[in-house]
Amino acid sequence: MTSLQKPEIAIVGGGPAGLSAALSAVRQGAEVMLIDRDPALGGQLVKQTHMFFGSRKEYAAIRGIDIPGKLMAALEEEGPEKFKPLLDTTVLGYYDDGVILADKEEEQAMLIKPQKTIIATGAAEKMLPFPGNDLPGVYGAGAVQTLMNVYGIKPGTRVLMIGAGNIGLIVSYQLLQAGVEVAAIIEGAPKIGGYLVHATKARRAGIPIKTSHTIKEAYGKDSVEGALICSLDENWCAIPGSDLDMKVDVICLAVGLTPQTELLWQAGCEQKYIPELGGYVPLRNEKMQTSLPDLYVAGDVACIEEAGSAMVEGKIAGLYAAADLGYAEKVEERYTSYYRELEELRAGPTGAKIRQGLSRLNGGV
Amino acid sequence: MEENTIICRCEDLTLADIRATIKKGFHNPQEIKRLTRCGMGPCQGSTCRELLLKEVASATGKNVGDLEMTTFRPPNKPIKVKSIMMGVE
């Protein structure tokens, strides 16, 4: 028989948002349990071998893989006795009495009833429906990155990348670095979605980027042997006779992310469908508090964005979860500085979609 | 081609299966889920939910946000009976 655990704050997900939330809450003086399904903290950062942009305060010009170590070191400094990581542990449920069900392989499942919970579960990759989409050799970009950058395994020899957002562009370049050929990057939209600096890097390396193109089908006997792609007109309809046969053994999907909101649905907090933010996202106030007062959110689960803003949202959620428990030192001052940082990260043309999505979430049109 | 396009890989449902169900008059994702088991496999819909919603939206001319969302229940992933057998105080 295990007993009900009662930490002051539980954080679900130890990626950039969850780690920053932990640091922020521990800094206020609260006691934090950080639960992550992986054997190491860092979330998607553990495979980001490229340097980050954005705010210098959020580790711009540092490689993603080096960020978790820095946050862990800061946590160590702030008070290791306040910080309890639970690794290899998956949260499988959130019940309406605020109890979390957490499962660790080969151990008894745990029930945890925190005073405050921060959900930082991140996002899942979107899938694309096309014939042959279940053939071995069709991968999500996250899986390709995990294989290459975490385990040092090449996914194949010649790749067709679907999606010219930042993930598609960066993973294409990382494939080249691993010695894998990238036949082309195709993108349904008429414009490249990712940053120009990533696109030019891929182009300079000789990878063609075909906008207004989509995949029609994948073919192969036991695994992917090739793909048919075609051009799209301005209404996203296939142009007859534009088919192109690409001989590839890997089709990599980088067609966007969607917030992993399962626990939020189970908890029953209010959500709204905002395509600009990646799908259904929770309503929340400036404290990153959801419609349920004891439940906070941070990072991609709240809005598909970048690691930089996920970390700032984490700081805000951690700050207020702790403040609501009475650890209220310098709350206003800290919030003001975090809020400014978020505004800076979302300023300019690259943040336009996020700004519009957030305004719609808050009742605007 | 629809027969060859997988929507729910856990329950092995194709685009043809989903479209046939919609054609029968089921325009509610929750109903389609119960009828076909779309999203009720080990991954609990994390891959197919979005595809199902989009398919229903485009067939009915509605926005995804106006459709009834499917129900979410714990556990999100399979759990061994052994892990919960002993109970909690």
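**Reading the model**

Guide: Beyond its neighbours within four places in sequence, A:Ile118 is in contact with A:Ile9, A:Ile11, A:Ala21, A:Tyr296, A:Ala298, A:Ala317, A:Gly318 and A:Ala321. Two residues are in contact if their C-beta atoms, placed from the backbone, lie within 7 Å. This is a predicted model, in which local features need pLDDT of at least 70, side-chain atom pairs count only at pLDDT 80 or more, and totals for chains, interfaces and linings use all residues. Residues are numbered from 1 along each chain as its sequence is written, while chains are lettered from A and ligands numbered from 1 in the order in which they are written.

Visitor: Which residues touch the most other members of the largest nonpolar core?

Guide: In soluble globular proteins, nonpolar side chains tend to be buried together. A nonpolar core is a set of buried Ala, Val, Leu, Ile, Met, Phe, Trp, Tyr and Cys residues joined through C-beta atoms within 7 Å. A residue is buried if 20 or more other C-beta atoms lie within 10 Å of its own, exposed if 12 or fewer, and partly exposed in between. Here the largest core has 74 residues, and A:Ile11, A:Ala22, A:Ile118, A:Ala298 and A:Ala317 touch the most other members. Helix α7 (residues 307-323) of chain A gives the most to this core, 11 residues. Another core, of 55 residues, lies apart from it and includes A:Phe130, A:Val248, B:Ile18 and B:Cys38.

Visitor: Which residues of α2(A) are buried, and which are exposed?

Guide: Helices (H or I, at least four residues) and strands (E, at least two) are DSSP runs, numbered from the N terminus. A:Ile67, A:Leu71, A:Met72 and A:Leu75 are buried in α2(A). They cover an arc of only 130° around the axis (taken from the directions from the helix axis to the C-beta atoms), so they lie on the same side of α2(A). A:Gly69, A:Ala73, A:Glu76 and A:Glu77 are exposed on the other side. The cover over the buried residues includes α1 (16-28) and β3 (83-86) of chain A. After α2(A) comes A:Gly79, with a positive phi near 145°.

Visitor: How many residues does each chain bring to the contact between chain A and chain B?

Guide: Chain A brings 29 residues and chain B 26. On the side of chain A, β4 (89-94), β5 (100-104) and α6 (262-267) each supply at least two residues.

Visitor: Which residues other than glycine have a positive phi in chain B, and where is a cis peptide bond?

Guide: Most residues other than glycine have a negative phi, and most peptide bonds are trans. B:Arg37, not a glycine, has a positive phi of about 70°, and B:Gln44 has one near 55°. B:Arg37 counts as partly exposed because it has 14 C-beta neighbours inside 10 Å, whereas B:Gln44 is buried, with 21 other C-beta atoms within 10 Å. The cis peptide bond joins B:Pro74 and B:Pro75, with omega about -5°. B:Pro75 is in the loop between α3 (49-60) and α4 (81-84) of chain B.
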